[in-house]
Amino acid sequence: IWKYDATKIKWQKKPIELSIDMPFEKFLSEFIPMSDKGTPVYFVHCGCGVVYALNKNKIFRHDHSFYHLNQFGGAYFMDEGEPRIYGGYGLFTSKNIITRYDTIEKEWFVIEYNNPPSPGVKNIIKRNKKNYFVLDGFQGFYSQYKVFKDLWRYNVEMKKWTNLGRVNPTILGKQIELNYENSQIQDNLYACFPNMIIVYEIGRA
């Protein structure tokens with residue numbers, strides 16, 4: 001495992017002990033690394049459920065759960081030191097739920113809400129103060145394919161979803177036609193296209 005020491009401006013290579021029940025290549029392809037300041041690195045299965053953790057130089061099974069196979073393509077993010085997932089697809093249906101991994105109970109729970117957005121996959125989600133902002137994503141396949149055009153806000157305290165309006169249609173057109181990557185750097189979200197970078201200014205909503 002490689003670790004970057006910011007104080008020494010130096011990469012360090014250390015051996016790692018694996019306590020996993022699958023080939024390491026399979027582990028790398030199916031588990032999503034997630035961490036926040038002061039937390040271990042969690043490795044969450046791409047369909048939700050099973051969680052591994054990295055502590056010192058050992059990766060081991062952390063959860064008391066199972067393979068949910070229920071939120072493939074969901075938006076994976078950290079909040080309050082916990083891995084969380086919004087949306088996704090599994091068991092023949094798209095989802096519009098937010099699940100949270102309780103690191104003490106080592107189980108998954110659904111966060112309460114009302115009037116949520118339409119179920120979908122590949123959404124972008126961002127935390128800003130007391131709100132989550134959700135945009136982008138799609139639903140269905142082939143002739144039933146539908147790209148979402150709305151920006152939604154979820155108030156964490158009120159547990160309420162609110163539709164804030166439409167995303168710039170020129171951006172949506174490019175997202176359908178081109179392959180692109182979304183990333184979050186500090187408080188900003190970016191969509192990276194071959195010849196441009198678009199900034200989502202959703203924190204002001």
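**Figure 1. Surroundings of His45 in the predicted model.** In this predicted model, His45 touches Glu30, Phe31, Val50, Tyr67, Leu69, Phe72 and Tyr76, leaving aside residues up to four places away in sequence. His45 belongs to strand β5, which spans residues 41-45. With a relative accessible area of 3%, His45 is buried, because buried means under 20% relative accessible area.

**Figure 2. The salt bridge between Glu30 and Lys26.** Side chains of opposite charge can pair when their charged atoms come close. Glu30 and Lys26 form a salt bridge in which the closest N and O atoms are 2.7 Å apart. Both residues lie in helix α1, and because they are 4 residues apart there, about one helical turn separates them. Lys26 is partly exposed, at 38% relative accessibility.

Figure 3. The closest N and O atoms of the salt bridge between Glu82 and Arg100 are 2.7 Å apart. This pair links distant parts of the chain, with Glu82 in strand β9 (residues 82-90) and Arg100 in strand β10 (residues 93-102), 18 residues apart. Glu82 is buried, with a relative accessible area of 10%. A network of salt bridges links Asp79, Glu80, Glu82, Arg84, Arg100 and Asp102. The structure as a whole holds 9 salt bridges.

**Figure 4. The salt bridge between Glu157 and Lys130.** The side chains of Glu157 and Lys130 meet in a salt bridge, with an N to O distance of 3.6 Å. Glu157 is in the loop between β15 and β16, and Lys130 is in the loop between β12 (121-128) and β13 (131-139), so the pair ties together parts that are 27 residues apart in sequence. Glu157 is exposed, with a relative accessible area of 57%, whereas Lys130 is partly exposed, with a value of 46%.

Figure 5. Most residues other than glycine have a negative phi. Cys48 has a positive phi, near 80°. Cys48 is found in the loop between β5 and β6 (51-55) and is buried, with a relative accessible area of 1%. Phi of Lys159 is also positive, near 55°. Lys159 is found in the loop between β15 (150-155) and β16 (160-166) and is partly exposed, with a relative accessible area of 37%.

**Figure 6. A nonpolar surface patch that includes Phe24.** Ile1, Ile16, Leu18, Phe24 and Leu28 make a nonpolar surface patch of about 390 Å². Phe24 lies in helix α1, which covers residues 24-30. This residue counts as partly exposed, at 33% relative accessibility.

**Figure 7. A positive surface patch that includes Lys14.** Lys3, Lys8, Lys10 and Lys14 form a positive surface patch. Lys14 is placed in the loop between β2 (10-13) and β3 (17-19). With a relative accessible area of 35%, Lys14 is partly exposed.

**Figure 8. The whole chain as context for the close-up views.** The chain contains 2 helices and 19 strands. Of its 205 residues, 40% count as buried. The chain exposes about 12,600 Å², and carbon and sulfur atoms supply 53% of this area. Among contacts between residues at least 6 apart in sequence, 39% join residues at least 24 apart.

Technical notes: Residues numbered from 1 in each chain as written. Predicted model: local features only at pLDDT ≥ 70, side-chain atom pairs only at ≥ 80, totals over all residues. Heavy atoms only, no water. Patch = residues over 30% accessible without salt bridge, like charges linked within 9 Å, V, L, I, M, F, W, Y side chains within 5 Å. Areas by Shrake-Rupley, 256 points an atom, 1.4 Å probe, with all protein chains shown as cover. Salt bridge = Lys/Arg side-chain N within 4 Å of Asp/Glu carboxyl O. Buried < 20%, exposed > 50% of the residue type's maximum accessible area, 1.4 Å probe, protein only. Contact = heavy atoms within 4.5 Å. Lys, Arg positive; Asp, Glu negative; His and termini not counted. Charge placed at Lys NZ, Arg CZ, Asp CG, Glu CD.
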